[in-house]
Amino acid sequence: MSKAYVLPDVLAPDLGIVFCGTAASRISAERGYNYANPGNQFWPTLKLLGLIPPQFDPINFRTLPQYGLGLTDLCKASIGNDDELSEESYDTAALLRKIKKYQPHILAFTSKNGASHFLQHKPDYGLQAGTIGSTKVFVLPSTSGRARRFFDITVWQALGALHLNKFS
């Protein structure tokens with residue numbers, strides 16, 4: 001029996017970047033789209049980097065593949081902040097299956113905590129040494145308002161440059 005997902009995945013073959021959060025926040029679950037908390041800088045950061053157009057409305061998140069982008073979470077059936085999730089919430093095997101199936105150019109974790117669970121070690125920000133098939137792995141500082149002190153736009157800019165290099 002399959003689990004009910006809090007938010008749907010936005011996945012397609014050969015995307016440039018699939019962003020992977022840890023879990024949907026309570027506000028995102030209520031509003032029905034990822035990174036919905038007004039204090040979260042995810043959508044403004046994507047606009048700033050030119051990955052989505054300035055007029056993009058996050059409610060239209062299902063259209064992200066037309067920009068070469070996708071979304072998923074490591075804990076698909078749970079909601080809450082990283083410190084509220086149980087170990088059983090993390091489904092690394094399911095994420096690995098999805099990435100192997102869709103083979104995006106880059107899997108970008110938007111949470112160092114989520115990346116740590118998946119990679120089974122505490123990574124540095126940026127491009128990681130290993131790959132999943134042909135998929136590169138990148139760890140970003142969180143855009144959550146609760147993690148503002150760790151946010152560093154230069155790491156996000158490095159991801160944007162890596163993504164754009166795919167097309168040059």
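This is a predicted model: local features need pLDDT of at least 70, side-chain atom pairs count only at pLDDT 80 or more; totals for chains, interfaces and linings use all residues.
**Exercise 1.** Classify the aromatic pair formed by Phe19 and Trp156, and state which parts of the chain the pair ties together.

*Solution.* A pair of aromatic rings is described by the distance of the centres and the angle of the planes.

**Exercise 2.** Classify the pair of Phe109 and Phe118, and decide for each residue whether it is buried or exposed.

*Solution.* The ring centres of Phe109 and Phe118 are 5.4 Å apart, with the planes at 40 degrees. Stacked pairs need an angle under 30 degrees and edge-to-face pairs one over 60, so the pair of Phe109 and Phe118 is tilted. For burial, the cut-off is a relative accessible area under 20%; Phe109 has 0% and is therefore buried, while Phe118 has 13% and therefore counts as buried.

**Exercise 3.** State how many aromatic pairs the structure holds, and name the residues that ring pairs link into a cluster.

*Solution.* The structure holds nine aromatic pairs. Ring pairs join Phe19, Tyr35, Phe42, Trp43, Phe56, Tyr67, Phe151 and Trp156 into a cluster.

**Exercise 4.** Describe helix H4 (residues 112-119) from its N-terminal cap to the residue just after it.

*Solution.* At the N-terminal end, Ser111 caps H4, with a side-chain oxygen 3.2 Å from the backbone nitrogen of Asn113. The charged end of Lys112 sits over the ring of Tyr125, at 4.3 Å from the ring centre. Within H4, the residues Gly114, Ala115, Ser116 and Phe118 are buried. Just after the helix, Gln120 takes a positive phi of about 65 degrees.

**Exercise 5.** Determine how many disulfides there are, and account for Cys20 and Cys75.

*Solution.* A disulfide requires two cysteine sulfur atoms within 2.5 Å, and the count comes to zero. For Cys20 the nearest cysteine sulfur is that of Cys75, 8.6 Å away, so Cys20 is in no disulfide. Cys75 likewise is in no disulfide, with the sulfur of Cys20 as its nearest cysteine sulfur. Cys20 is buried because its relative accessible area is 1%, and Cys75 is buried with a relative accessible area of 1%.

Key
Residues are numbered from 1 along each chain as its sequence is written. Side-chain values use heavy atoms; hydrogens and water are left out. Rings of Phe, Tyr and Trp (its six-membered ring) pair if their centres lie within 6.5 Å; planes under 30 degrees apart count as stacked, over 60 as edge-to-face and the rest as tilted. Helices (H or I, at least four residues) and strands (E, at least two) are DSSP runs, numbered from the N terminus. Buried means under 20% relative accessible area, exposed over 50%, partly exposed in between (1.4 Å probe, protein chains only). A charge sits over a ring if NZ of Lys or CZ of Arg is within 6 Å of the ring centre and within 35 degrees of the ring normal. A polar contact is a pair of N or O atoms within 3.5 Å; within protein, one must be able to donate a hydrogen and the other to accept it, and residues adjacent in sequence count only if both atoms are side-chain atoms.
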